[in-house]
Amino acid sequence: MKSDPDRELVEACQATAPTGLEGAFRRLYDQYKDRVYNVCYRITGNGTDALDASQETFGILFRKITEFRFESKFSSWVYRIAVNAGIDHKRRSSARWLPSLEGGSDQAREMARLDVRDERTEPPLTAATRHELEAEIQCAISRLSPKMRAIVVLRYVENLSYEEISEALQISLGTVKSRLSRAHEALDRELTPVLDRHFLR
Amino acid sequence: MSAQPGSPCADFRAAIIARAEGDVVDLALDAHLERCAVCRRELVRTEQRIELLRKIPGPGAPIALDGLVVAAMQAGERQQRATRAVQSLSRAHTPEDLARRLAGPKAPHVLERLVREDLADPAKALASRYAGSLGRLRAPHDLDQRLRELRPGSVQRHMPVALVTAGVMLALGALIVAGILNGPRNSALSTTPAGPILIVERVDSVRDLDPLVGQILSGVMGGLPDAQRIVGEGF
């Protein structure tokens, strides 16, 4: 197995069980917090659930880090926990926040637009267009099944290789490829109008 | 080879995705693309789709996450403590052992005696616990001489001398009381000898009094200023 870039920090946490957000655990947290939040955000589709899922992810990491045996890369383990936490939160709150497959996409678009960014650096029209595009893509991702959503997020948002996805989700390479292929089919239906508008301008 | 009109060929779906993601070497796909317009169109659409997906920015973790994670860690610690407690119960060999583990730690034996002393005589209990731990002072060699020099008629004319005399008397009283109380105390609570010891010291000012004696003096007279006034009026 290839050497894990996080091995030193993880072993430091295992040697002295973390007592708070400090030391080696703090460094791991700083290293992963954006990635974990990003995965949770793209899977849940809203900031509130993403925050809860990220909190749960780091809570599990904190409790279980002494049990980690480097049978996979630490980052794969983190992604697996984050994906599962995101899917769980999405499932629990789907009635509250997200549209069913039958409809309600307007609601999802509204929720996606709640993401607040610093728009001082770009013109209002660009920001509005970008927001709209992002909301439509997020909406399309949100309408995928949880398994396909996880693959798409890890592959295209987090830029993980097929092998890394396979390790993180504990599925075979063939399953990764077939799920990704099905995800593209589903996304094609959802994103065709967006593609036409965006690329035929 | 297309499965249905307008759909890309099933055998090349994965290869088209790989090509759109940047995989450049696939001779079979190249050959197929030359003769299949549907798959050529699908390749373009897939490239565009991936471009869009990769375009969405990753939101950075909000600052609020730090606090939530700390809360989750504290909750995790509580959960681990509870788990350990439950595991401890499962290790009980007999019902009595289980009852003992459920009951938690016992109060030390000394607690019962301390509570009994408090209930019987709170002041004495307090004095025996705290006054006995004060350091012992020795009287200066010329104390007797100085005391003899104090004439009875000079008390009201020289107020500081009167005040010092009052302080010394009270200090003597307090030390005697403390010494007597110290006698029967449990040796586990004290490092002082078991028998009563009388040590006399003369002080030149109220401020120099032993802290306990000062407290007693001010307590009796309603504060040190009042003590001074009362002494001035003929204590």
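User: Which residues does Asp4(A) touch, leaving out those up to four places away in sequence?
Analyst: In this predicted model, Asp4(A) touches Phe70(A), Ser72(A), Lys73(A) and Phe74(A). Asp4(A) itself sits in the segment before helix H1 (7–15) of chain A.

User: Is Asp4(A) buried or exposed?
Analyst: Asp4(A) is buried, and it has no salt bridge. The nearest side chain of opposite charge belongs to Lys73(A), 6.4 Å away.

User: Which backbone nitrogens does its side chain reach, then?
Analyst: One is the backbone nitrogen of Asp6(A), at 2.9 Å. Another is the backbone nitrogen of Phe74(A), which lies 2.5 Å from a polar atom of the Asp4(A) side chain.

User: Changing topic: how many salt bridges are there over all chains?
Analyst: The search of the whole structure finds 18. One of them joins Arg92(A) and Glu56(A), with the closest N and O atoms 3.9 Å apart. That pair links distant parts of the chain, 36 residues apart: Arg92(A) is in helix H4 (residues 74–97) of chain A and Glu56(A) in helix H3 of chain A.

User: How exposed are those two, Arg92(A) and Glu56(A)?
Analyst: Arg92(A) is exposed, at a relative accessible area of 57%, while Glu56(A) is partly exposed, at 25%.

User: What about chain B: which residue does Arg49(B) pair with?
Analyst: Arg49(B) meets Glu42(B) in a salt bridge, 3.6 Å from N to O. Arg49(B) counts as buried because its relative accessibility is 0%, and Glu42(B) is also buried, at 12%.

User: And which residue does Asp30(B) pair with?
Analyst: Asp30(B) forms a salt bridge with Arg19(B), the closest N and O atoms being 2.8 Å apart. Asp30(B) lies in helix H2 (residues 27–35) of chain B and Arg19(B) in helix H1 (residues 13–20) of chain B, so the bridge ties together parts 11 residues apart in sequence. Asp30(B) is partly exposed, at 29%, whereas Arg19(B) counts as buried, at 15%.

User: Now the interface. How many residues of chain A and chain B are in contact?
Analyst: The contact involves 45 residues of chain A and 33 residues of chain B. Together the chains bury about 3600 Å², with 66% of that on carbon and sulfur atoms.

User: How many salt bridges cross it?
Analyst: The rule finds five between chain A and chain B. Among the salt bridges in the model is the one between Asp66(B) and Arg26(A), at 3.4 Å between the closest N and O atoms.

Definitions and conventions
Residues numbered from 1 in each chain as written. Chains lettered and ligands numbered in written order. Predicted model: local features only at pLDDT ≥ 70, side-chain atom pairs only at ≥ 80, totals over all residues. Heavy atoms only, no water. Contact = heavy atoms within 4.5 Å. Buried area = accessible area lost by both parts, 1.4 Å probe. Salt bridge = Lys/Arg side-chain N within 4 Å of Asp/Glu carboxyl O. Helix = DSSP H or I, 4+ residues; strand = E, 2+ residues; numbered from the N terminus. Buried < 20%, exposed > 50% of the residue type's maximum accessible area, 1.4 Å probe, protein only. Lys, Arg positive; Asp, Glu negative; His and termini not counted. Polar contact = N/O pair within 3.5 Å; in protein donor to acceptor, adjacent residues only side chain to side chain.
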